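Have your viewer open as you read.

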Amino acid sequence: MILSIALGAVLFIAALAGMRYFNPAPEGYKSSFEVAKEEAAPTPTPMPKATPEPTEEPFTGFYNPEGMTIKERIHTPEGFHREDVEEGSFAAFIEEYPLYKEGKKVKLYDKSWKQNQDAHVAVLKMKLVEGDLQQCADSIIRLYAEYFYQNKMYDKMNFHLVNGFACEFSKWAEGMRISVSGNDTTWVQSAAASDDESVFEKYLRFVFAYASTISLSDESKKVKKEEIQIGDIFVQGGSPGHAVMVMDVCSDDAGRKAFLLGQGFMPAQQFHILKNPLHEEDPWYYVDEISYPLQTAEFTFEKGSLKRPEYIQEEIQ
């Protein structure tokens with residue numbers, strides 16, 4: 001009897017112990033062992049969300065006073081970017097042309113100050129020949145000539161005089177000079193062959209004396225404003241005439257274009273980057289704002305004045 005009672009008790013206890021296996025634990029139930037294991041495990045640190053990098057530098061204004069080239073000094077408008085230019089091209093030469101320090105005033109050929117100091121935003125470190133010779137068209141010719149000379153592209157340095165005569169530096173460097181007698185213009189051998197800088201400067205001085213906005217216009221072809229690029233010119237031949245050069249070009253993702261203009265002027269003076277009279281703080285001229293007559297800081301151009309000199313067409317790409 002006692003044995004039967006004991007056996008029954010054992011079976012009852014075993015049944016109670018087995019209830020956990022026959023009856024599933026309530027949803028969410030965790031044993032003390034499982035709870036302790038979770039508390040001991042390190043809590044994972046959430047990964048920070050990646051911040052997208054900006055696609056372009058934030059706009060900080062149009063000018064960098066520390067910049068010493070056109071590209072460094074003058075920022076593009078917000079949302080615009082400079083167009084790619086080929087290394088060693090005329091466009092790259094212009095963008096990297098050295099400037100005087102911020103705030104530089106424009107001097108005339110005789111070292112006096114230009115009367116109007118409110119038309120420019122920067123002044124180029126360009127040489128001036130002696131006398132009142134290096135005016136508007138002449139300063140533009142000088143930029144082309146300096147590029148050709150530095151790259152020894154003497155065959156490209158071929159500027160026409162007002163009478164249409166071609167003044168080629170390649171012949172000048174051979175010691176030939178131009179003789180003008182009435183309506184006759186001819187080459188004569190009269191100097192030793194040399195292409196040093198002093199000879200180059202004398203060549204330019206001669207060209208400046210006999211070239212003008214008329215000859216510059218005659219050796220240039222009209223271009224559409226949508227095709228504007230560095231090295232193009234607005235030129236109005238005559239007396240008075242004037243010429244300014246496109247010194248930089250930028251565009252936005254929608255295809256809008258803007259450009260900078262530079263000029264020399266009368267009397268002969270330092271070459272400078274112009275303001276845009278339509279925008280007090282913004283020196284860029286916008287292609288979609290061009291209408292004629294086109295008002296620049298100191299001159300008004302008529303329709304058909306946007307041109308591209310023939311001798312620079314291949315180099316400004």
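## Cysteines and ground rules

Let's start with Cys 136, which counts as buried at 5% relative accessibility (buried means under 20% relative accessible area, exposed over 50%, and partly exposed in between, with a 1.4 Å probe and protein chains only). Cys 250 is buried too, at 0% relative accessibility. How many disulfides does the structure hold? The count is zero, where a disulfide would be a pair of cysteine sulfur atoms within 2.5 Å.

Please keep in mind that this is a predicted model, in which local features need pLDDT of at least 70, side-chain atom pairs count only at pLDDT 80 or more, and totals for chains, interfaces and linings use all residues. Residues are numbered from 1 along each chain as its sequence is written, and side-chain values use heavy atoms, with hydrogens and water left out.

## The chain as a whole

The chain contains eight helices and 15 strands; these are DSSP runs numbered from the N terminus, with helices being H or I of at least four residues and strands being E of at least two. Of its 317 residues, 44% are buried.

Among contacts in the chain with a separation of 6 or more, 61% come from residues 24 or more positions apart. A contact here means heavy atoms within 4.5 Å.

## The nonpolar core

Which residues have the most contacts inside the largest nonpolar core? They are Tyr 144, Met 157, Phe 169, Phe 234, Met 247 and Phe 259, in a core of 77 residues. Helix H5, residues 136-150, gives the most to this core, with nine residues. Such a core is a set of buried Ala, Val, Leu, Ile, Met, Phe, Trp, Tyr and Cys residues joined through side-chain atoms within 4.5 Å.

## Charged pairs

A search of the whole structure turns up ten salt bridges, each a side-chain nitrogen of Lys or Arg within 4 Å of a carboxyl oxygen of Asp or Glu. One of them joins Lys 114 to Glu 298, with the closest N and O atoms 2.7 Å apart. This pair links distant parts of the chain, 184 residues apart: Lys 114 lies in the loop between helix H4 (90-95) and strand E2 (120-123), and Glu 298 in the loop between strand E13 (294-295) and strand E14 (300-301). Lys 114 is buried, with a relative accessible area of 8%.

Arg 142 is buried at 1% relative accessible area, and Glu 146 is buried at 10%. Together with Glu 201, they are linked in a network of salt bridges.

Arg 256 and Asp 288 meet in a salt bridge through their side chains (2.7 Å, N to O). They too link distant parts of the chain, 32 residues apart, with Arg 256 in the loop between strands E9 (242-252) and E10 (257-263) and Asp 288 in the loop between strand E12 (285-286) and E13. Arg 256 is partly exposed, at 32% relative accessibility.

Ser 251 sits in strand E9 and is buried at 10% relative accessibility. What does Ser 251 touch, not counting residues up to four places away in sequence? Its contacts are Gly 79, Phe 80, His 81, Glu 83, Arg 256 and Lys 257.
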